[in-house]
Amino acid sequence: MEKLKSLVPDSLKRMVVESTPDSLPLTCSSLLNFFSDMELFHQMVRDLTDPERALCGKNKDAALELKQKGNQCFLNEDYGSALTCYSEALRLAPVDVDDMDKNLVAALYVNRASVLHKLDLLMEGRRDCNRALQISQSYAKAWYRRGKMNASLGNFEDAVHDLNIAKKLELSFSGQRQIESELRIITDMFERTESSLVQHKENELDLLDEPDQIKLKCVITPNKGRGMVAPSDIPPASLVHAEEPYALIISKHCRETHCHYCLNDLPPDKVSCTSCSIPLYCSQRCQIRAGGQMLRNHPVKHGIQGNISHNLDTYISEITLGNDSESDVDFPEHKHECQGVHWPAVFPSEIALAGRVLIKSLAARSPVANFVDMLNLSHNYPQIHPESKLELHIYSIILLYCLQHSSRTELLLNGASIAQIVILISQIRVNSMTIFRMKSADVNGPLHQFGKFSHSEVSLTSNVEQVKVGQAIYRVGSLFNHSCQPNIGVYFVSRSLFIRTTEFVAVGCPLELSYGPQVGQWDCKDRLKFLKDEYSFRCECRACAEVNLSDLILNAFHCVSPNCPGIVLDSCVVNCEKQKTRHVQSATGISTLEPYMQVDMLKCLPSNGSLPIDPGYCLKCDSYCDLESSFAAVNRAWISITRLKDTMVSGEISSTVLTAALNSLCLLRSTLHAYNKRISEVEDILAEAFCLVGELQLAVDHCKTSIEILEKLYGPNHIVIGYELVKLSSIQLSMGDRGAVKNINRGKLSKLVQ
Ligand SMILES: C[S@@+](CC[C@H](N)C(=O)[O-])C[C@H]1O[C@@H](n2cnc3c(N)ncnc32)[C@H](O)[C@@H]1O
């Protein structure tokens, strides 16, 4: 990209930088003419699209090599490595080649099933047997392995069926003898246990029954464009919106750990794309939905010799034909990408996502000229930084060339189509949502990769860390505006977006979520900067326009007068607060904005409503504080807090380090305002540290203090408090403290945690 950018002549660069949405077709056309004569550019497009040069193509020889390696690891009882080798081999194996008279992919599935059996991952292993049988119905070894796994799962009736089929298919006499002896044992167990068929639901999520969804109203707001409002009074925790994505792309760092379609964690029996070697899926269902082929194309007669009862015949068909819902394909979003280098791996996410949006719209027969109208989303093209405009143009041209090669559609290669793609990418920048998931428990590396936790090793505090797993366009979801004090919260189940109210919302009130920053978390200046940088708008939410106590105390210092609860601010905060466009009329006006806070930190406000604030002076008693020495004290304190954090990671917490951190907390308390965010952070760190050294009562005390401060910053019913209550109750539970139940209920009652 840098090379291409550097080759563009200055006059053309200037044209791009100065372009507006109206002049885009002309600018794009000039740039297209420039690149269409350049061999380097065409070379790049060929590298991206030519199946012969493809990085992501299948490779039989490499798959066979990995299979051999897997077999060796299996013999050496190194099952973890065998699993890795077979999974990698499955990624590379072409679907239609044989190895020693057996379909290679089917053979790999059976080998992996044997490993999974050894690792006691029976459901996973049985799924691999099913996959092998869907490719090769008369594969004796697959039926045999399936039977053994069904027996271990207690499904004796199925196990007997499986082994009977295996016996009919097995050609060698010794093999038949072995199956017969296994059959005798299993039949005996079956008769003794009278066990009935155990049905396991796989990959199905029962979502809660919800009352009918509320029909939201979209209105034009005075300063935020369109926005959603409540059509009636809405109670807290109500589901106000649910939606499937229009298009979605997995985050780059999750490509080896999460399903490329549904974004759930990959299981040990992950499935690969049938056409290329890059994407991984949690199930065949996801693989097919993303655009892969079914492993078996036509149902063929199983070819099993001898008498087969009607029941057994039906049984074979059910297993080998798979689940019909697997063919329920919405839109094959990956199909156009597995022709060459696999674009999502090399393009920035927003470009790959634009490709998916475009292809989906083409499939819906929307002419490219109507893209912008069709999505009907706002965009930020005029605000895009001049530096990134050229890159955006070049990516748009490359994307259009690639799509032309791979999807063989009749996309016009001209300035107007490229201009549409530039706008589409600008729409994606403003409207795409980041999909989060709770970080999975097995973050501790390979030891835990099969989910076998030793509970004593798990941290006592619950992990509420979130991971960005993907980026998606939700068409209706994009109409929700941002507020730094949101009244709705977003969460995701797989790819689906859900939005719930986090508080009571009265009829006609805007329903607004947070695009990232929230009051209590960041100060106003940082929130404004983030929203400007990421979304190109100046936040007009109430918290950014009006003085609020949370913004004042978040980074405030302690007043020097003994017993004065007043606030002292530094010049950065003062400057930002002075720029707030609307002012409250009195200190009690602030308390109506934040009724959970006692307004005894400010003196009476003058009649013009502006806050009389100067850096270093207490807002209640006007005492002067030397902020330079306060900053120095905070920096000093932070050194020992950082040391404590380092030792927590290395697991070597000494009493000296803990004592130094406790002294630093005292120093911070005497320097910073009692509700300063940093104090709550340190309380939280100490809670975790005391947990790690087994001093649970001290951990509880620090956790409670942290919660008290956060309640001042966010209000008592914010989800952040819910997370803290989860932490607190998990420590209390491990102490056998009944207070845990009260805290869990508080979280649930206040609709804090989903
Ligand atoms: C995802 S869209 C929301 C829907 C948008 N208002 C529309 O008409 O399509 C995001 C855009 O809405 C506007 N917006 C959302 N929240 C805002 C806020 N708090 N202050 C100002 N503008 C806002 C900005 O123009 C932003 O780029």
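Visitor: Which residue's side chain does Arg 127 join in a polar contact of 2.8 Å?
Guide: This is a predicted model. Arg 127 lies in helix α8, residues 122–135. Its side chain makes a polar contact of 2.8 Å, and the partner is the side chain of Asp 269.

Visitor: Is Arg 127 buried or exposed?
Guide: Buried means under 20% relative accessible area. Arg 127 has 14% relative accessibility, so Arg 127 counts as buried.

Visitor: How much of the ligand's area does the protein bury?
Guide: Start with the contacts. A polar backbone atom of Lys 224 is 2.6 Å from a ligand nitrogen atom. A backbone N or O atom of His 482 lies 2.8 Å from a nitrogen atom of the ligand. Alone, the ligand exposes 560 Å², and the share of that buried by the protein is 88%.

Visitor: What distance does helix α19 reach from its first C-alpha to its last?
Guide: Helix α19 covers residues 524–535, which is 12 residues. At 1.5 Å a residue, 16 Å is expected. The reach in the model is close to that, at 16 Å.

Visitor: Where around α19 do its buried residues sit?
Guide: Cys 524, Arg 527, Leu 528, Leu 531 and Tyr 535 are buried in α19. They cover an arc of only 95 degrees around the axis, so they sit on the same side of α19.

Conventions
Residues numbered from 1 in each chain as written. Predicted model: local features only at pLDDT ≥ 70, side-chain atom pairs only at ≥ 80, totals over all residues. Heavy atoms only, no water. Polar contact = N/O pair within 3.5 Å; in protein donor to acceptor, adjacent residues only side chain to side chain. Areas by Shrake-Rupley, 256 points an atom, 1.4 Å probe, with all protein chains shown as cover. Helix = DSSP H or I, 4+ residues; strand = E, 2+ residues; numbered from the N terminus. Buried < 20%, exposed > 50% of the residue type's maximum accessible area, 1.4 Å probe, protein only. Expected span 1.5 Å × (residues − 1). Arc of directions from axis to C-beta.
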